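Hello,

I am passing this structure on to you. Please look at it first; my notes on what was found follow below.

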Amino acid sequence: MPASERQDSTAVPAQGTDNRLRELPGQQLASLHPDWRTALDTPEAKAALQRLDSFLAERLQQDAVIYPARVFRALELLAPSDVRVVILGQDPYHGPGQAQGLAFSVPDRCPAPPSLRNMFNQLAREYPERPRRRHNDLSDWSRQGVLLLNTSLSVEQGAAGSHARKGWEAVTDALIQAVARDPQPKVFMLWGNHAQSKQGLLDAAGQTHQVLRSNHPSPLSALRPPRPFIGCSHFSLANTWLSAQGQPPIDWLGPDIV
C-alpha cells in the first residue's frame, strides 16, 4: 500500500463484517478452483505457503490483528480460465473493515481510499456520458474476469507492508505466471514500479497479452510524468483491445443503483 493510503487506515470503524484473519492460508486452499491449486503446486510456492502458515500462526498467537479474513478471495471469485484483465496491487488495506482480499477494493460502507478515488476519477474522464461509479466494492469486476491481485495477501493492522518479504511474493508470482502462460489474450494493467517489476514474468510466458503501464493511482504519483495515471485511458483501452480479440468489454462503471 502506498504511503498516501495510510491517512485513511484508521478512519473506518470496525462495524459490519469482521475481516480479521482466523483461518491460515493453507486451510483456505481447498476453496480454490483446481487450476489455481495446480499453479501453487510448485516447490517454491508450497515452501512459501508453509512458511506463511507458520509465520501467521505465530503472529496470531501473539494477538496480532491481521487482514483480510479470506486471503485468496481474488481467486475464489473466478477460475484461471476466466481471467481477462489483471490489475496488480501491493498489499491489503490495514484499517478495520477495509480489506476484502481484492486489490484496491473496499466494502461499500467504507469511504474510498485515495487510490481508488483516483481510479474512479479516471473512469469518469473515460466515460463522461455515464454516471460515476457508485460502488467501492469491486467484486463486480472480478465476476467479469478481472483478477484484482495484491502481491502480498495479508497485512497487520496499522502497519502497511508488514507482511512483505514473508513469502507471499513466491505465491503471487506463481499465480501471475500461471495466468500469463494461459494462451487466452489478457490485459495486464501495471500501475507503478512495484507492479511493473513483474514485467519479466509476463515476458517469460511467451504469450500475446496487452500490457498497459502507468504511474500508480496514488495521489503521490497519479499526475507525475512520464506516465501519469490520470489521463492514461487504461480502462477504455482495455475494452477496445478485448473487443478486438472477440471478447466482451468490462463494465467498469457497474450498476447505477446503490
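**Salt bridges**

Glu 156 and Arg 59 form a salt bridge, with their closest N and O atoms 2.8 Å apart. Glu 156 belongs to strand S4 (residues 155-156) and Arg 59 to helix H3 (residues 43-61), so this pair ties together parts that are 97 residues apart in sequence. Glu 156 counts as buried, at 13% relative accessibility, whereas Arg 59 is partly exposed, at 22%. Please keep in mind that this is a predicted model.

The count of salt bridges comes to 10. Another one joins Asp 140 to Arg 133, where the closest N and O atoms are 2.5 Å apart; both of these residues are buried. Asp 182 and Lys 186 also meet through their side chains, at 2.9 Å from N to O. Here Asp 182 is partly exposed, with a relative accessible area of 23%, while Lys 186 is buried, with a value of 0%. Asp 18, Arg 20 and Arg 22 are linked in a network of salt bridges.

**Cysteines**

The count of disulfides is 0. Cys 110 is buried, with a relative accessible area of 2%, and Cys 232 is buried too, at 13%.

**Largest pocket**

The volume of the largest pocket is about 230 Å³. Its lining consists of 13 residues, and Gly 192, Asn 193, His 216, Ser 221 and Arg 224 lie nearest the centre. Helix H8 (residues 192-196) gives the largest share of that lining, 4 residues. By class, the lining has 9 polar, 2 nonpolar and 2 charged residues.

Regards

Key
Residues numbered from 1 in each chain as written. Predicted model: local features only at pLDDT ≥ 70, side-chain atom pairs only at ≥ 80, totals over all residues. Heavy atoms only, no water. 1 Å grid on protein atoms, 1.4 Å probe; cavity = no way out; pocket = protein on both sides within 12 Å on 5 of 7 lines; lining within 4 Å. Points joined across faces, edges and corners; volume = space filled by probe spheres on them. Helix = DSSP H or I, 4+ residues; strand = E, 2+ residues; numbered from the N terminus. Nonpolar A, V, L, I, M, F, W, Y, C, P; charged D, E, K, R; others polar. Disulfide = S-S within 2.5 Å. Buried < 20%, exposed > 50% of the residue type's maximum accessible area, 1.4 Å probe, protein only. Salt bridge = Lys/Arg side-chain N within 4 Å of Asp/Glu carboxyl O.
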